[in-house]
Amino acid sequence: MKIYQFFLLFLLLNFPGLSKGQYYRGDQGVLLGINAGYFYPTGDMGKILKNGIGGNISVKYLLNDVLGIGFESGYYTFKSKLNLENTHTDQEYKCHLTPVLLEASFYFPTWNRTTLPYLGLQFGGYLTQIKVSQKESSYSYSSELSKNLFLFSPGAGLHGGVLFQLATDRWWMDMRIRADYVPKIEDKYELDEYTQGNIGFNKMLNIGGNIGILYKF
């Protein structure tokens, strides 16, 4: 199912709540949040790396009843799906992803103030840290090389979710789905002065979700 189909389904499921009940009106304020996250890598990245887990922190300012802008940053870790092996070489990747993003969200006004669906977008930079380890062995010698790569690439994405009010209007649960796209990543590297390599992917499309707690000031 394509990304836009997820958001279309989301709108259809929440549309009935937009047409009846008491109209939601929120106050201006700041939402401070922390959440756990999950990323499913697709394409060439998904062939090499397992699903990523981590989390985000976020700060968002509510401009009015329906619009909020803010900042989020997170940390996700991926492990190799498999070792790339041949007779003499064993190569392994470990990957960490740190998104540093600005985001804007549109909150659909509902008649029930305890739930608040939203859609939005995020854009900024994605810092990808990759550790490449390579072992070579034969009957006469063995060697081990490793290198840490730090790749900073611009990207953007879409998100959609629902806020659920908890005990008071200060505390909210946030559940969202998201897609993050980085169109260009530098994929070539030099392991040493004699050895060149390729990380195996030159772009990124991660589909995932977050669940966490927000506090409203």
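Reader: What do the numbering and the confidence limits rest on?

Author: Residues are counted from 1 along each chain as its sequence is written, and side-chain values use heavy atoms, with hydrogens and water left out. Since the model is predicted, local features need pLDDT of at least 70 and side-chain atom pairs count only at pLDDT 80 or more, while totals for chains, interfaces and linings use all residues.

Reader: Why is the pair of F39 and Y76 called tilted?

Author: Rings of Phe, Tyr and Trp (its six-membered ring) pair if their centres lie within 6.5 Å; planes under 30 degrees apart are stacked, over 60 edge-to-face, and the rest tilted. F39 and Y76 have ring centres 4.4 Å apart and planes at 40°, so tilted it is.

Reader: What makes that pair a tie between separate parts of the chain?

Author: F39 sits in strand 1 (residues 29-41) and Y76 in strand 3 (residues 67-79), so the pair ties together parts 37 residues apart in sequence. Strands here are DSSP runs of E with at least two residues, helices are runs of H or I with at least four, and both are numbered from the N terminus.

Reader: How do you know whether F39 and Y76 are buried or exposed?

Author: Buried means under 20% relative accessible area, exposed over 50%, and partly exposed in between (1.4 Å probe, protein chains only). F39 has 1%, so it counts as buried, and Y76 has 0%, so that one is buried too.

Reader: What kind of aromatic pair do F106 and F108 form?

Author: An edge-to-face one, with 5.2 Å centre to centre and 90° between the planes. F106 is at 37% relative accessible area, so it is partly exposed, whereas F108, at 15%, counts as buried.

Reader: What makes K60 lie over the face of Y118?

Author: The rule wants NZ of Lys or CZ of Arg within 6 Å of the ring centre and within 35 degrees of the ring normal. K60 lies over the face of Y118 at 5.8 Å from the ring centre.

Reader: Which side chains does S105 join through polar contacts?

Author: A polar contact is a pair of N or O atoms within 3.5 Å; within protein, one must be able to donate a hydrogen and the other to accept it, and residues adjacent in sequence count only if both atoms are side-chain atoms. S105 has one of 2.6 Å with K60 and one of 2.9 Å with H159. S105 belongs to strand 5 (residues 89-107), and its 1% relative accessibility means that it counts as buried.

Reader: Why are D44 and K47 said to be about one helical turn apart?

Author: They are three residues apart in helix 2 (residues 43-48), so about one helical turn separates them. D44, at 41%, is partly exposed, while K47, at 59%, is exposed.

Reader: What about R176 and E103, buried or exposed?

Author: R176 has 9% relative accessible area, so it is buried, and E103, at 5%, counts as buried as well. Their closest N and O atoms are 3.4 Å apart, and the two form a salt bridge. The residues of that pair lie in strand 8 (residues 171-182) and strand 5, 73 residues apart.

Technical notes:
Salt bridge = Lys/Arg side-chain N within 4 Å of Asp/Glu carboxyl O.
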